[in-house]
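Morning, everyone. Let me put one model on the screen and walk through a few contacts.

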Amino acid sequence: MNTKHILLGVIASVAMVSGFTSCDDYLNTDKYFYNQTSLDSVFQRKSLLMQYLNSASSYIPADDQLWTNSYNPFSFASDEAFCSWKDDRHAGIYYAMGEIDKYSGYFDNWANYYKGIRQAYMILENMNKCRDLSETERRDVAGQCNFLLAHYYYCLVRQYGPVPLIPSTIPSNASVDAMSYPRATYDECIDFISKRYEEAASPWFNGNKYYVDFKRRLDGVNYFNQEYDAQKWGKAAAVCKRITDGGGTYNPSTKVFKFWYTNTDGNKTYRTEATLTKSK
């Protein structure tokens, strides 16, 4: 009888010691931190920098998902569309049903867009530390980051209206006042977005030597002009002005807006008419 109790006591003691050992091993998290790549080292190597750039791009919404698992409510939050499914995969229908209020958590993209903005700023501010990044690659990365900044702010304004414009990364140990930014006006947001889009477009499609080998097989002509041409921006502005100055008419009964513009090709002048129908 005593032998039985002693044996049970030994087994219990071994089990307790084993449990403490596994618990101690479980709570020892230092080994995981040793495997983490520090943020400073990310910008030392091109391979890691490109991974970080891919991470910054991962918050771009899939705008092709219009109905199921949509990132935005716009497909159903109107009078033009309706669906037979009333579930979280088609959450936009809750807008049409009048079941969305300030406490609803659907389409909460605010945090993710600002995460992408912060990462894009981090790259712009630190990519000069990368020793194996060529000047051409540096311009390409800068163009991608400027595009991300413009696009994320565009997505924010599209969904929330005027938003705070953060000019750079904010240190994690900054004061509350340093982290607080008021909402910018709508015009200020559009000006910021336009400027970033322009900065992104120019190095990509106007003198981008990153695509120096991207040529047409037929005659070896570069698909992207290798020399920067500032006049392209003037031509684009002139086309926009010609369209807006062309005039138009709006019929309130049919809710149809017609506008036209002229385009000159050599000695011929073409008059183009377009029609926009306002949603009811």
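Ground rules before that. This is a predicted model, so local features need pLDDT of at least 70, side-chain atom pairs count only at pLDDT 80 or more, and totals for chains, interfaces and linings use all residues. Residues are numbered from 1 along each chain as its sequence is written, and side-chain values use heavy atoms, with hydrogens and water left out.

Start with helix 6, residues 110-126. Helices here are DSSP runs of H or I, at least four residues, numbered from the N terminus. How far apart are the end C-alpha atoms of helix 6? They sit 25 Å apart. The expected span is 1.5 Å times one less than the number of residues.

Which residues of helix 6 are buried? Buried means under 20% relative accessible area, exposed means over 50%, and partly exposed is in between, using a 1.4 Å probe and protein chains only. The buried residues of helix 6 include Tyr113, Tyr114, Gly116, Ile117 and Gln119. Further along, Ala120, Tyr121, Met122, Ile123 and Asn126 are also among them.

Now salt bridges. Side chains of opposite charge can pair when their charged atoms come close. The cut-off here is a side-chain nitrogen of Lys or Arg within 4 Å of a carboxyl oxygen of Asp or Glu. How many does a search of the whole structure find? Five. I'll show some of them.

One joins Glu137 and Lys46, at 3.1 Å from N to O. This pair links distant parts of the chain: Glu137 is in helix 7, residues 135-160, and Lys46 is in helix 4, residues 46-57. They are 91 residues apart. Glu137 counts as buried because its relative accessibility is 18%. Lys46 is at 26%, so it counts as partly exposed.

Next, Arg158 and Asp63. Their closest N and O atoms are 3.4 Å apart. Again the pair links distant parts of the chain, with Arg158 in helix 7 and Asp63 in the loop between helix 4 and helix 5. The separation is 95 residues. Arg158 is partly exposed at 28%. Asp63 is partly exposed at 33%.

Then Arg196 and Glu199, with closest N and O atoms 3.6 Å apart. Both lie in helix 9, residues 186-205, three residues apart, or about one turn of the helix. Is Arg196 buried or exposed? Buried, at 16%. Glu199 is partly exposed at 31%.

Last, the rings. Phe, Tyr and Trp rings (the six-membered ring for Trp) pair if their centres lie within 6.5 Å; planes under 30 degrees apart are stacked, over 60 edge-to-face, and the rest tilted. The whole structure has seven aromatic pairs. In one of them, Trp110 and Tyr114 have ring centres 5.2 Å apart and planes at 50 degrees, so the pair is tilted. Both sit in helix 6, four residues apart, about one turn. Trp110 is partly exposed at 34%, whereas Tyr114 is buried at 16%.

Tyr153 and Phe192 are edge-to-face, because their planes are at 75 degrees, with centres 5.0 Å apart. That pair links helix 7, holding Tyr153, to helix 9, holding Phe192, 39 residues apart. Tyr153 is buried at 0%. Phe192 is buried too, at 17%.

Which residues form one aromatic cluster? Trp110, Tyr114, Tyr153, Tyr160 and Phe192.

Key
Helix = DSSP H or I, 4+ residues; strand = E, 2+ residues; numbered from the N terminus.
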